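Please work through the exercises below with the sequence and the model open side by side. Each task is followed by a solution in steps.

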Amino acid sequence: MRLSTQTLSQVPSTIQKPAYDRHAVNVSIVHLGLGAFHRAHQAVFTDTVLASGDLSWGILGAGMVSSSMKDALQPQDGLYTLAEKGADGETLRVIGAIIDVLGGASDADKQQLLAKMSDASTRIVSLTVTEKGYYLDLATGTLKLQAPEIVADLATPATPRTILGLIVYALKNRRAAGIAPFTVMSCDNLPNNGRLAKAAVLAFARELDTDLAAWIDTHVAFPCTMVDRITPATTDADRAHINARLGLEDAWPVVTEQFVQWVIEDHFTMGRPDWTLGGAVFSDEIECWENMKLRCLNGSHSTLAYLGQLTGRETVADAMQLPLITDLLDQLWREIRDVLNAPKGVNPADYIDQLKQRFRNPALKHRTAQIACDGSQKLPQRLLAPLRDRLAQGLPSPAIATAIAAWMHFVVKTAHTPDGVLNDPLATDILARARLSNDAADIVGHLLALDRIFGTDLPDNADFREQLIAKFIDLAQNGAVATAPQILL
Ligand code: CS2
C-alpha cells in the first residue's frame, strides 16, 4: 500500500508524521527544482513551521526538467519519508510540507506553474536548480543569451520553461494586475546566490522589457542564503529498507545526514515563515557564511570527488580512509583558512573538524561520481576563489593546485575511456581539449585556457601554471592514482 493522506494513520507511531490539517494549509511558496536536497532541507524547516500551527506556508514543488518526482509524489499527496542517518542510527520522519507537485516535462504543467506564480497567493519563489540552472557564465557573471533554452524562452515568453522565463513572466503578470511581487529565494551553492539570481533575472528581463526590468530591480527581494545538508541520491536499497520500516510504499524517500544548517538574509517583501523554529538563522553576515561553506565544505567535497574517482573510491566515506586524500585535505583546509573571513563567533578549526566527521559518516553512501558532476560550474566558487585570494597575497597554493590537477586528470581519463560520459554543461569543449594532446604540460595548458572556468587571469599566471603542471605530473606518477595511460610526462 502506498504512502498517502489515506494511509498516513498506518505509519508506525515511532515515526514522526504531520499531525496538522494538510487540507487547511495555504500554498504560498513555489519551489522550483524539486529534488532530494529541497526535500531534506527547506521542506523540513517548513514542515516544522506548519507543525507549530502556522498553516500559511505550504509548498508547491515543481520539477524543472523531468516529471519523475511528480510521478513519485503525486500519488502520495506530496508526502514522503526523510531518513536522517548517523553513526548512531537512523530516524525516520514523514514530511507533509509539499502540498502540490508539478512536473517539469510537460507544457501543461509549466502553464499551471506560471499561473500559480502569477497568483497573489504566492509569496515566495524558492530555487534549487544547481549552478547551471541560472544560465550564468560564472567567470563573468553574464547571462548566457545563446543557450538554446534562453533563446526559446525569449522568443515565446508567454510559455516559459526556464526558471528565468517563469520568474520574469510571472512578475510581469503580477505587475500588470497590481499584485505585489513575490520574493525570489535562491538556495543553491553559489556565492551571493541572491545577487546572482537577481543578475540573471534582470539580464533576462532587460531582453524583453526594460521597464519591467527596472521595476524588478526596485521592487523584488532576492535574499541570499547559505544552505547545508549532505543529501546523496536515494538508492534502491534505501527505498527497500525505508519502506520496510514504514510498512508502506514510498516511491521516493530521501536519505540525509543529521546535521542541517540554513542561514538566510532577512529580506522578504511578502512575509516569510518563522524558519528559526527548525533551527534556521537570519543573519546579515551571509557572505561570510556562504564563503566558509562553499570553500571549506564544497571545495573539499569536489577534491574528494575527483581524487576518489581517480583512486577507485566509490563514496566520500571510502575516500576519507585514504591518507593520500586526507593529508591533502588537511593542507587544502589550511590554505583555505589562511584567507577565510569566517562569520563572527565561528571557529573555522571546529567547523572543519565537524566536516571531517560528516564526511566520515559511514551510514551515508554519498557517491564521489555524484559530486564529480558539473565541475566547470563548481570549481570557480569552491576552489578558484580561495586560490585568487591567495595569489593576491603572494601565497603559493599547492593543495588547491593538486585539486584542480585532479579534476584535469578526471576529465582526461573520461575523454580516453571508451563510451566515457562527462556530466558537465561544458562537456563537449572540455573533452575536445582533453584529447588535443598526450603531453602533460600541453593538456594542462589546453584545459586551463577554458576561460569560462579559469577566466583569463589564471592562464596568464606563469607561476600558477607551472605549479599546476607539476601537480598534474605528481598525480600521474602516484601509483595509487589511475590516470589515463596516454599521458606523456
Ligand atoms: C556537493 C553538495 O554534489 C556536490 O557538489 O558538494 O551537494 C553538498 O553535498 C551540499 O552542498 C552539502 O550541503
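The model is predicted, so local features need pLDDT of at least 70, side-chain atom pairs count only at pLDDT 80 or more, and totals for chains, interfaces and linings use all residues. Residues are numbered from 1 along each chain as its sequence is written, and side-chain values use heavy atoms, with hydrogens and water left out.

**Exercise 1. Determine the strand order of the open sheet of three strands, and identify which helices lie across β3.**

Step 1. Helices (H or I, at least four residues) and strands (E, at least two) are DSSP runs, numbered from the N terminus. Two strands pair if DSSP finds at least two bridges between them.

Step 2. The order is β4-β3-β11, and the pairing is mixed. The edges are formed by β4 (89-95) and β11 (254-257), each of which pairs on one side only. From one strand to the next, the twist averages 25°.

Step 3. β3 (residues 80-86) runs parallel to β11, with four bridges between them. Ala83 lies opposite Val255 in β11.

Step 4. Helix α2 (residues 42-51) lies across β3 and β4, at about 65° to β4. Helix α9 (residues 236-246) lies across β3, β4 and β11, at about 75° to β4. Axes are lines fitted to C-alpha atoms, for helices over the stretch in contact (heavy atoms within 4.5 Å); angles run from 0 to 180 degrees between N-to-C directions.

**Exercise 2. Describe how α12 packs against α16: what are the crossing angle and handedness, and which residues make the contact?**

Step 1. The axes of α12 (residues 323-338) and α16 (residues 398-416) come within 8 Å and cross at roughly 120°.

Step 2. Angles under 35 degrees count as roughly parallel, over 145 as roughly antiparallel, 65 to 115 as roughly perpendicular and the rest as oblique. The pair is therefore oblique.

Step 3. The crossing of α12 and α16 is left-handed; this term applies if the near helix is turned anticlockwise from the far one by less than a right angle, and right-handed applies if clockwise.

Step 4. Leu328, Gln331, Leu332 and Glu335 of α12 meet Pro398, Ala399, Ile400 and Thr402 of α16.

**Exercise 3. Locate Asn423 and decide whether this residue is buried, partly exposed or exposed.**

Step 1. Asn423 sits in the loop between α16 and α17 (427-434).

Step 2. Its relative accessibility is 46%, so Asn423 counts as partly exposed.

Step 3. Apart from neighbours within four places in sequence, Asn423 contacts Cys373 and Asp374. Val411 is twelve residues from Asn423 in sequence, and their C-alpha atoms are 10.0 Å apart.

Technical notes. Buried means under 20% relative accessible area, exposed over 50%, partly exposed in between (1.4 Å probe, protein chains only).
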